[in-house]
Amino acid sequence: MENQNPGSEQHKRLRASRRAVIKLGTGIVTGGDAQFNASHLEPVARTIAALKKDGRQIVLVSSGAVGLGRGRLGLHRDRLNDMVMRQACAAVGQSLLMHEYEKLFQAFGVDLAQVLLTEGDFVDRTRYSNLRETMEALLKLGVLPIVNENDTVSTAELDYLNIRAGERIFSDNDRLAALVMSHIEADLLVLLTDVDGLMQFGPSGSKDADAKVIPLVEEITPELKSLALGPSEGGRGGMLTKLEAAEIAMQAGGVAVIANGTKPDALGQIFAGEPAGTVFLSKTRMAGKRRWIAFAAGVRGRVIVNAGAREALTGGKASLLLTGVTGIEGEFDAAEVVSIVDTEGLEFARGISDYSRGDAQGMIGNGSHVPDGGRTSKRATVLVKRDNIVLLDRK
């Protein structure tokens, strides 16, 4: 961990970034009165306009719709604990949010587009491809896409896709921003919040005057995640979700920055490569389809494998054969993503199954467990090809 300097890699990559996703947290978009915070956002809009004039392509992911809707309806914050009420506030707040952004960016001559996304836009490969094409078209037209989750239909979408709450692809705009950044192959993810970055506290862990911003992170470790804070008062994301978002950005081969968006010059400093917040820098890159399997695809079922299969898969060269499968759980079709777990139930990989649950079950026997011995050519069939398997880091 070190400070940035003009010769550092992070300095060069921040200055060289040509396509970026900027996420604005609820604490930046709205004030304590649940109103649009124009004083915080005017410098952001001015900087984005300047970046676009410089030829950079920007996507804005904005929180705040639910808060604005709550403010307009005069509801207490506790009412947002009810999902239906939260969706109603989102429906009211989305138009208010875009209206405020239209007024804000009109002064700088920037055209806007509203992009509301749900889980299905990432889970379904066709919609995933269509999203990429739409975003590319908007960026080529010089438009600033403003992205948010479509809260008003999100629960219906989850029910339709049979995705349980604990298996959500994104449950906050930090992760949504990272998935968009990964999908459009952006160079940079900027998460603007109301804190200075990832903080290193004193031995007591208290938020005291001795707390310092960690300027550079090159690996997200369990120790680093332990420094993360809980959810913020107004939004759904906290520092932990920002670390998860940064991890996706790093896997995409990009740079992520967590910085204080209440500081008028923060965004400009980031793109100038000057010290601002915490920079996350990775030297490796996961291929696009593999990122989709690891982060964006909905997991449809579980395949339990024996120790030999686990060893072969983690060795990095083997496909998953039916001979190594000891159990199958859940329903899935061919070409859908399954979770690959060991006999202790620990998920260590994900992959795209070549067969449906029914077909795979038929080849390994009538029960859910593979019988001992009696290997046949059918049971030697590949269930998940090596190129369609992603190993997960569960440190």
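**Sheets and a helix contact**

Thr193 stands opposite Asn260 in strand S9. This is a predicted model, with local features needing pLDDT of at least 70 and side-chain atom pairs pLDDT 80 or more, while totals for chains, interfaces and linings use all residues. Residues are numbered from 1 along each chain as its sequence is written, and side-chain values use heavy atoms, leaving out hydrogens and water.

Helices (H or I, at least four residues) and strands (E, at least two) are DSSP runs, numbered from the N terminus. Strand S5, residues 188-193, pairs with S9, residues 255-260, in the parallel sense over 6 bridges; pairing requires at least two DSSP bridges.

Both belong to an open, mixed sheet of 8 strands, ordered S3-S4-S2-S1-S5-S9-S10-S8. Its edge strands are S3 (112-117) and S8 (216-217), each pairing on one side only.

Next, the helix pair. The axes of H4 (65-73) and H5 (83-106) come within 6 Å and cross at roughly 95 degrees. Axes are lines fitted to C-alpha atoms, for helices over the stretch in contact (heavy atoms within 4.5 Å), and angles run from 0 to 180 degrees between N-to-C directions. H4 is therefore roughly perpendicular to H5, a class covering 65 to 115 degrees.

Last, the other sheet: 5 strands, open and mixed, in the order S13-S11-S14-S15-S17. S13 (325-329) and S17 (389-391) are at the edges with a single partner strand each, so one side of each has no neighbour in the sheet. S11 (299-305) and S13 pair in the antiparallel sense over 4 bridges, and Val305 has Val325 in S13 as its bridge partner.

Notes: Angles under 35 degrees count as roughly parallel, over 145 as roughly antiparallel, 65 to 115 as roughly perpendicular and the rest as oblique.
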